[in-house]
Amino acid sequence: MSSALDALLDLLDLERIEQDIFRGRSRSAVVPRVFGGQVAAQALVAAGRTVPEDRTAHSLHAYFLRMGDPGAPIVYTVDRIRDGRSFTTRRVVAVQHGQPIFHLSASFQTYEEGLEHQAAMPSAPAPETLPTAAEMLPRHLPPHVAKRLVEARAAVDLRYADVPPWGSVGQPREPRSQVWFRTNGKLADDPLLHVCLATYVSDMTLLDSVLLAHGRGGWAVGDVVGASLDHAMWFHRPFRADEWLLYDQESPSASGGRGLGQARIYTQDGRLAITVIQEGVVRVPRG
């Protein structure tokens, strides 16, 4: 296991203050605010620690309310909304400096048999044939920016199937993007941990497809400014975040200073594991 993955797992190991109150720390990000995927993953950890072990997360719906301060702790308060025979619902509010910065609702379910069908996995190059982030990013970004991005994502092996937005500035393309990802090291057999790590990664690239449609390079090159507004995930089938997952992303719409990204995450053997939808602020800087 890499030291970066160790540090990320430590970040997700929240301190329990009271029965349903937890405290988390932050890590530095590429932009001077708390990375949204970190807050979402920590909130899901907090919710999951109040749920019976036989119930796994099947969905989450979240809103990013304020920018997080990476220099201050985050307090997560869990409301036990419902404990039913099959489903458990939790609401989590993340607070900094006395104000809510993030709100999450999550639902958990006991395993049961049911009807089965899924969308077919799209074609994609094998992950082993693609360059690593450390190999690709310096080709397209200034050295100091590439270094910061590589360091920020060091816990995850994330590989683009095509040139990322900052590698094709000024060249509008189809608003679709594919990346393969897995953690840089093996994880324990804890379903909640794998779900939380997939949640963490899901906020890294989902709005890339919005940028591709307009030939924009994004926050890495400064030709747009933006932030996540809301985030929703549905967990359909078991998966491991330490095995290759294909993140197939597209943007059906951008308007009003907002862009929408939607995606499906597949295991390498073709099982649809997760559906993700996110809207974010995407603005062209003035002047």
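These legends describe close-up views of a predicted model.

**View A. Helix 2 packed against helix 5.**
Two packed helices are described by the angle between their axes and the distance between the axes. Helix 2 spans residues 36–48 and helix 5 spans residues 191–205. Their axes lie 7 Å apart, at an angle of about 160 degrees. Angles over 145 degrees count as roughly antiparallel, so helix 2 is roughly antiparallel to helix 5. The crossing of helix 2 and helix 5 is right-handed. From helix 2, the contact takes in G36, G37, Q38, A40, A41, L44, V45 and G48. These meet L192, V195, C196, T199, Y200 and D203 of helix 5. Sorted by class, the contact of helix 2 with helix 5 holds 8 nonpolar, 5 polar and 1 charged residues.

**View B. The buried residues of helix 1.**
Helix 1 covers residues 3–12, and its buried residues are A4, L5, L8, L11 and L12. They sit on the same side of helix 1, because they cover an arc of only 115 degrees around the axis. The elements they pack against are helix 2, strand 8 (176–183) and helix 5.

**View C. Helix 3 packed against helix 4.**
Helix 4 is made up of residues 143–152. The axes of helix 3 and helix 4 are 8 Å apart and form an angle of about 155 degrees. This angle makes helix 3 roughly antiparallel to helix 4. The crossing of helix 3 and helix 4 is right-handed. Helix 3 contributes A133, A134, L137 and P138 to the contact, and helix 4 contributes A146, L149 and V150. By class, the contact of helix 3 with helix 4 has 7 nonpolar, no polar and no charged residues.

**View D. H97 in the loop between strand 5 and strand 6.**
Strand 5 covers 87–96 and strand 6 covers 99–110, with H97 in the loop between them. Most residues other than glycine have a negative phi. H97 is not a glycine, yet its phi is positive, at about 50 degrees. The relative accessibility of H97 is 62%, so H97 counts as exposed.

**View E. T132 in the loop between strand 6 and helix 3.**
T132 lies in the loop that runs between strand 6 and helix 3 (133–140). Leaving aside neighbours within four places in sequence, T132 is in contact with D157 and R159. T132 and Y160 are 28 residues apart in sequence, with a C-alpha to C-alpha distance of 8.1 Å.

**View F. S177 and R182 in strand 8.**
S177 is found in strand 8. With 8% relative accessibility, S177 counts as buried. Apart from neighbours within four places in sequence, S177 is in contact with Y160, D208, L212, Y247, D248 and Q249. R182 also belongs to strand 8. R182 has a relative accessible area of 29% and is therefore partly exposed. Not counting residues up to four places away in sequence, R182 touches V156, D157, A241, D242, E243 and W244. R182 and V221 are 39 residues apart along the chain, and their C-alpha atoms are separated by 25 Å.

Terms used
Residues are numbered from 1 along each chain as its sequence is written. This is a predicted model: local features need pLDDT of at least 70, side-chain atom pairs count only at pLDDT 80 or more; totals for chains, interfaces and linings use all residues. Side-chain values use heavy atoms; hydrogens and water are left out. Axes are lines fitted to C-alpha atoms, for helices over the stretch in contact, and angles run from 0 to 180 degrees between N-to-C directions. Helices (H or I, at least four residues) and strands (E, at least two) are DSSP runs, numbered from the N terminus. Angles under 35 degrees count as roughly parallel, over 145 as roughly antiparallel, 65 to 115 as roughly perpendicular and the rest as oblique. A crossing is left-handed if the near helix is turned anticlockwise from the far one by less than a right angle, and right-handed if clockwise. Contact means heavy atoms within 4.5 Å. Ala, Val, Leu, Ile, Met, Phe, Trp, Tyr, Cys and Pro count as nonpolar, Asp, Glu, Lys and Arg as charged, and the others, Gly among them, as polar. Buried means under 20% relative accessible area, exposed over 50%, partly exposed in between (1.4 Å probe, protein chains only). The arc is that of the directions from the helix axis to the C-beta atoms.
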